[in-house]
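This report describes the fold of one protein chain, from its overall make-up to selected local features.

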Amino acid sequence: MALRREFPSRGKAVFIVTTVTFILATIFVASRLISRFFILRHKTGDDWLMIVAWVIAFGLSFAIDYGAFRGLGRHDADIPQEWLPALRQSEYAFTILYNPALMATKTSILVFYLRMSKNTQKFLRRASYATLALVNVEGVVLTFINAFQCNPVAAAYTPSIPGKCMSIVTIYLCSAPVNLVANLAILVLPIPLLTGMRLPQRQKTVLVFTFSLGIFVTIVDVVRIYYLQKAADTQAADAKAKIQASVRLGTGLDFAWNASISLMWSAVEVNVGIICACIPTLKPLIRRILPSMITDITHSRSDKSASTEARIRTNLSQQDSSHSAMMPAQPSAAQVQRDQDQQIDMLDFLTTPETNAATLEERMARSAAVNGRRNINRTGNLRASGTQTTESTSNTIYFGLIEMKRPKSMLKIRGMESFKYCTAVTILFFLWGFSYGLLNTLNGQISKVAMETPTQRLGLSSAYFTGYLIGPLTVGQWVLRHYGFKATFIYGLCIYGIGTLMFWPSAVQKSWPGFLLCQFVVGYGLSILETAANPFIALCGPAQYAEYRLLLSQGVQATASVLSQLLAQKVLFDNLSQDVLLDVQWTYLAVALVCVILALFFYYMPLPEATDTDLQKLAENLSIYPSQTIFSDKLPLIYTTAFLAIFCQFLYVAAQESNAVWFEPLFETLSPISSFTISLQNYTLVAQTLFAASRFIFAALCLVIRPRILLLTAFLLGILFLILAHTLDLSANGMAGPILMWYFFEGPIFPLVFAIGIRGMGRWTKWTAAILIASVSGGAVFPFVVWAVTNSHSVQYSYCVIIAIMAFGTLFPIYLNAVPAARHQVDPAIASSLGNRPIEEDLEATGGKVRRMSKRFVSIFGSRRASSVSAGSESPQFEHREDDSELEREVK
């Protein structure tokens, strides 16, 4: 039956696109079967799973095509009544088949990954198993939910039967994050493995490009979600119009018209996924048809080149035999076998009958010969010459397509090298600053939309900081101590990305528990990032500038927070309502994709590391030992300093968050909003801007004033302005003065406490860093205390709680400035190249503060020579500003 053209209809476009993509998928599946079953004569589980996926895709595509001939894509008024049963049945068949089709396709790909990494890549295998479990659990659960979406079941596809049904569009939107996570995992997992394979350049490029085609599936999935969201918006309009039947499949207002495009893109997603899954297996067939696409010229085509290669292999084998007698040590047989297994297993899907086991054995022989020559070269007995292979050396890291110098130990990094690495990690500071500002604004908007109680509003903030309590003490510290900074960055980014995607179903359902869980996971992921990022900045470079570097990076974080709040208030959440809350999800999707990109970036970037042994040597160079005590041998020095730093950080963040939560209510209770000089939102932006600016200003001050003095100054002046805000009887415009100044002086406290708190901790540095980040959880507790005081008195009176918190926090800077042993611990001075005097004395001798500033900038960003130690020394030598006689009275 031909489609009638006198009615507006999307049915023709739906039919053509669905049919064409399925035909293309059929061609690729047939090519895969020819390549695997007939050319290679090798059948594996992933091939059979792909056949199952194709059969299900056929049923899914047929259901959509049949529906297009029964009114799918038309307005309700244009669909004949007798077509409705067939239309509902085709829509129901689609909902049943969609998830099994995706599940079979992704399972085939993941089984293929498991075969590709057999006996070699443990991480890829474990990650593939985890993703496989996720895909299949999701597929089975959603299939059953779709099958039993109505009670009774027949009500889903029979319009005349009454029943209670779930919204199928809502189900698809809520499951979208899980689908996206699986797609991104399948896309990213093999890339590190593929880039590390030693193949000819052309073949490697084709291989990586082939696997990267999976990005199209993710793009199609995003487009599909866009059209699903439009259908959801229509459902929301139906709900406003009190159309109760809108939740049943196909019975919403103009459902066949609105949902047709999303159904079409769902079919495209399945068919494109099948195509991308088949492409990596087509090399044997392509080699028969277009061999020049994947064959290097150096390994080509003529018998002459083949005989030349055979002679080379013979010579290399003879050299290998002679070299074996000269080499002092050979790789173990198990290691050689593992290397060969790795190459054979990963290249199994690329082989053809002509390049089967014999060719692979020859390739292994050539690799072994090259490795033999390289090992002899390292021993100085023989120098290899004239090789065209690309091998990694002791000072390089080889990723196949990328080769970079291996960095030094973090504690030896100086000058522009330190600046380069710190700049890269500062990207993470920008990311979580942007996220915090966005989430902070979002919490207030969600509260307005969902009509939440004050307890629920505080609960969202509390969930975020509870994640900060658990993340560093579990995954953060364990990964940092066992695998280093880079691995911790990648773990944190992945968890943070998952948390941002969890916002999606929460926005669809407008669920407070969903937002609560989203906040917790986001805080959990960001806390893991901070567990590594803060100590990385503090340790990567000259020790005496740790506070300077961390203040700059944290200043970037605060700047990102201001920018995100400006974006949220002026663009994203302008005139926010229930109907458009879903629009915010695209921002979160963008953040999740940025997390994936950054995770890959940090995987390939060779960041410097610092072991516990290195950190202990650094502390000993500072003459700081765990055995040192203060106050008559009763308290260990470094543990006392660490405990007070953690206590101070806990209280400071509690004060910061309490003020942030009650900042706007304070202004609203003092004066009518109409009397404000600027809007309340603009007051918030000004406060956050001062907060960010103070970190940059105090960073500059660290170059001329000792950080412990700046920390004490910030605490005392911050408390002073809090007291003014608590006691003065002012209007909202007048209250802006002391409150804004409090924002300014609270800004530098966190980075100063952190950098000072981990100095001299030796092998406990990473544990101390993790606990300092966990102490941020103070923000989860004290806003409730302020709320309780507010209920019994007033918002302005409740600021006495914040004053008390800051007063107790002042114990740490007082301790640092009053106890000589503590000053000795936190005031290192790198030895001058001019002699044994501290660098400050040399600077005073050469003249003035201007030269001091110049000298310090050269030391931070100049050449390595400007910040190096005396000749012949590998690590910096440190002296201290305290007089030895004074220290002997306090330190044993």
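## Overall make-up

Two residues are said to be in contact when heavy atoms of the two lie within 4.5 Å. Among contacts in the protein chain between residues at least 6 apart in sequence, 81% join residues at least 24 apart.

The model is predicted. Its secondary structure comes to 35 helices and 8 strands. Of the 892 residues of the protein chain, 53% count as buried.

## The nonpolar cores

The largest nonpolar core has 130 residues. Within this core, Phe489, Phe536, Phe667 and Phe812 have the most contacts. Helix H23, which spans residues 637–670, supplies the largest share of the core, with 13 residues. A second, separate core contains 71 residues, among them Ala53, Leu180, Phe211 and Ala259.

Which residues does Phe667 touch, leaving aside its neighbours within four places in sequence? They are Phe676, Leu680, Tyr683, Ala732, Met735, Ala736 and Ile739.

## The packing of helices H16 and H28

Helix H16 covers residues 454–483, and helix H28 covers residues 765–774. The two helices pack at an angle of about 160 degrees, and their axes are 8 Å apart. Angles over 145 degrees count as roughly antiparallel, and H16 and H28 are therefore roughly antiparallel to each other. Their crossing is right-handed. On the side of H16, the contact is made by Tyr468, Leu469, Pro472, Leu473, Gln477, Leu480 and Arg481. On the side of H28, the contact is made by Lys766, Trp767, Ala770, Ile771, Ile773 and Ala774. Taken together, the residues of this contact divide into 10 nonpolar, 1 polar and 2 charged.

Is H28 mostly covered or mostly uncovered? H28 is mostly covered, since 8 of its 10 residues are buried. The buried residues are Thr765, Lys766, Thr768, Ala769, Ala770, Leu772, Ile773 and Ala774. What covers them includes H16, helix H17 (485–501), helix H19 (512–539), helix H22 (612–621), H23 and helix H27 (749–758).

## Residues brought together in space

Glu620 lies in helix H22. The C-alpha atoms of Glu620 and Gly760 are separated by 8.0 Å, although the two residues are 140 residues apart along the chain. At 34% relative accessibility, Glu620 counts as partly exposed.

A second pair is formed by Lys570 and Gln681, which are 111 residues apart in sequence and 9.8 Å apart in space, C-alpha to C-alpha. Lys570 lies in helix H20, residues 546–572. With a relative accessible area of 43%, Lys570 is partly exposed.

## Local backbone features

Why does Arg41 count as exposed? Its relative accessibility is 69%, and exposed means over 50%.

A cis peptide bond joins Asn151 and Pro152, with omega at about 5 degrees.

Terms used
Residues numbered from 1 in each chain as written. Predicted model: local features only at pLDDT ≥ 70, side-chain atom pairs only at ≥ 80, totals over all residues. Heavy atoms only, no water. Axes fitted to C-alpha atoms, helices over the stretch in contact; angles between N-to-C directions. Helix = DSSP H or I, 4+ residues; strand = E, 2+ residues; numbered from the N terminus. Parallel < 35°, antiparallel > 145°, perpendicular 65-115°, else oblique. Left-handed = near helix turned anticlockwise from the far one by under 90°. Nonpolar A, V, L, I, M, F, W, Y, C, P; charged D, E, K, R; others polar. Core = buried A, V, L, I, M, F, W, Y, C linked by side-chain atoms within 4.5 Å. Buried < 20%, exposed > 50% of the residue type's maximum accessible area, 1.4 Å probe, protein only.
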